[in-house]
Amino acid sequence: MTTDHDADDALLDDETLEKLQALEARAYAAFDAGDLADAATLFGQLVECTPDIPHLHYMRGLAHKYLREWSLSLQDNLRSEQLRDEVDEATTWNAGIAATGTGDWAEARRQWTRCGITLPEGEGPIDGNFGVACVRLNPWSSGETVYMRRLDPVRARLENVPLPESGFRFGDIVLHDGASTGRRPYGEREVPVFNAMQRLQQSDMATYAVFVQCGSQDDIAALRAMTLPGIGRVEDWTHSVRHLCLRCSYGAPHQHDDDSHDDDGGWMRERNLGIAAQGRAAVEKLMSAWAAAGTGRTLDAIEHREHPQQDPQPGQVWWLGQEEAEEPSP
């Protein structure tokens with residue numbers, strides 16, 4: 001067994017110890033390879049043989065965490081906590097994440113308090129202001145990165161309009177991991193990036209891809225400044241989405257003759273927008289008012305597609321930092 005098990009090793013005969021060491025090596029190898037179900041099973045076998053070793057409960061809880069099996073993860077982390085003489089920060093954080101995932105707010109509050117985190121008073125879901133950060137959606141797949149406003153240490157509301165393919169929406173409340181995997185600019189400072197674990201609450205703001213033409217950045221600024229019932233947010237995706245032609249993917253008519261870019265000093269009349277709205281009628285009303293309020297503004301198409309959220313697959317080690325992930329939306 002590993003060095004933090006020395007006291008228990010003294011009680012084991014050489015043959016048993018050798019078997020447990022081999023089993024532990026297999027458990028860690030499975031975890032490191034992203035075979036989380038196997039890792040949870042193997043750490044469970046170790047727990048059965050040596051039930052009083054806190055780190056083994058922690059590791060099984062960690063495997064359940066990345067499997068997003070919150071009740072099992074909470075159970076293991078609470079047992080790891082009970083077996084320790086002092087507060088273990090990793091155990092406490094993972095217990096807090098798992099309690100949040102299960103909606104056990106009393107336990108989540110207890111764990112964050114044990115971490116020394118000051119929370120808003122009250123019971124139930126925590127509704128605080130823990131600042132702005134970035135979250136990587138579907139870190140096991142596309143890894144689109146957007147901004148979020150944190151409600152508690154691991155729960156936040158999305159502040160950008162994600163691409164429909166992500167399965168997420170503007171205003172979704174998501175559960176994110178506790179460890180930062182990088183940093184991204186936010187104004188004149190940088191904020192941490194966290195991996196999203198799952199959506200906890202879906203927003204009523206669906207995502208509409210809207211294709212327009214206009215003469216200048218002032219036209220887009222005017223659109224973003226407009227407020228109408230049922231409209232959540234308007235974003236210009238024209239250059240934040242660089243890996244595909246968004247118009248082609250939606251079948252919106254246009255030409256590729258002009259490949260000039262804003263960055264080269266020219267203005268691209270064709271703009272690809274992401275609009276979060278409660279319904280198509282609200283988007284149509286918004287675009288009609290915008291087009292009528294300025295010259296040279298035309299609406300080409302309004303498209304809406306729903307996509308299911310994606311799940312990680314066995315063998316993916318998605319929880320590590322990925323600095324090559326996409327830049328945040330504007």
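Visitor: What makes the four strands β7, β8, β6 and β9 an open sheet, and in which sense do they pair?

Guide: In this predicted model, the strands follow the order β7-β8-β6-β9 with antiparallel pairing. β7 (231-236) and β9 (298-303) are the edges: each has a single partner strand, so one side of each is left without a neighbour in the sheet. Neighbouring strands are turned by 25 degrees against each other on average, direction ignored.

Visitor: How do you know that β6 and β9 are paired?

Guide: Two strands pair if at least two bridges are found between them. Strand β6 (residues 206-213) and β9 have five bridges, in the antiparallel sense, so they count as paired. F211 stands opposite A301 in β9.

Visitor: Which helix lies across β6, β7, β8 and β9, and at what angle to β6 does the helix run?

Guide: That is helix α10 (residues 280-292), which runs at about 25 degrees to β6.

Visitor: Why is the pair D219 and R297 called a salt bridge?

Guide: The cut-off is 4 Å between a side-chain nitrogen of Lys or Arg and a carboxyl oxygen of Asp or Glu. For D219 and R297 the closest N and O atoms are 2.9 Å apart, so the pair qualifies.

Visitor: Why are D219 and R297 called buried?

Guide: Buried means under 20% relative accessible area. D219 has 10% and R297 has 13%, so both count as buried.

Visitor: What makes E284 and R280 a salt bridge, and where in the structure are they?

Guide: Their closest N and O atoms are 2.9 Å apart, and the cut-off is 4 Å, so this pair also counts. E284 and R280 are in helix α10, four residues apart, which means a separation of about one helical turn.

Visitor: Why is E284 called partly exposed, and R280 likewise?

Guide: Partly exposed is the range between under 20% (buried) and over 50% (exposed). E284 has a relative accessible area of 40% and R280 has 38%, so both fall in that range.

Visitor: How many salt bridges are there in the whole structure, and which residues form a salt bridge that links distant parts of the chain?

Guide: A search finds 18. One of the pairs is K65 with D177, whose closest N and O atoms are 2.7 Å apart. K65 is in helix α4 (residues 54-66) and D177 in strand β4 (residues 173-186), 112 residues apart. Both K65 and D177 are buried. Elsewhere, E81, E107, R110 and R114 are linked in a network of salt bridges.

Visitor: Why is R136 called buried, and what does its side chain contact?

Guide: R136, in strand β1 (residues 132-136), has a relative accessible area of 0%. The cut-off is under 20%, so the residue is buried. The R136 side chain makes a polar contact with the side chain of N195 at 3.4 Å; the limit for such a contact is 3.5 Å.

Visitor: What makes A33 partly exposed, and which residues does A33 touch?

Guide: A33 is in the loop between α2 (14-32) and α3 (36-49). Its relative accessible area is 36%, which lies between 20% and 50%, so the residue is partly exposed. Leaving out residues up to four places away in sequence, A33 touches G315, Q316 and V317. A33 and V317 are 284 residues apart in sequence, yet 6.7 Å apart in space, C-alpha to C-alpha.

How values were computed: Residues numbered from 1 in each chain as written. Predicted model: local features only at pLDDT ≥ 70, side-chain atom pairs only at ≥ 80, totals over all residues. Heavy atoms only, no water. Helix = DSSP H or I, 4+ residues; strand = E, 2+ residues; numbered from the N terminus. Axes fitted to C-alpha atoms, helices over the stretch in contact; angles between N-to-C directions. Contact = heavy atoms within 4.5 Å. Buried < 20%, exposed > 50% of the residue type's maximum accessible area, 1.4 Å probe, protein only. Polar contact = N/O pair within 3.5 Å; in protein donor to acceptor, adjacent residues only side chain to side chain.
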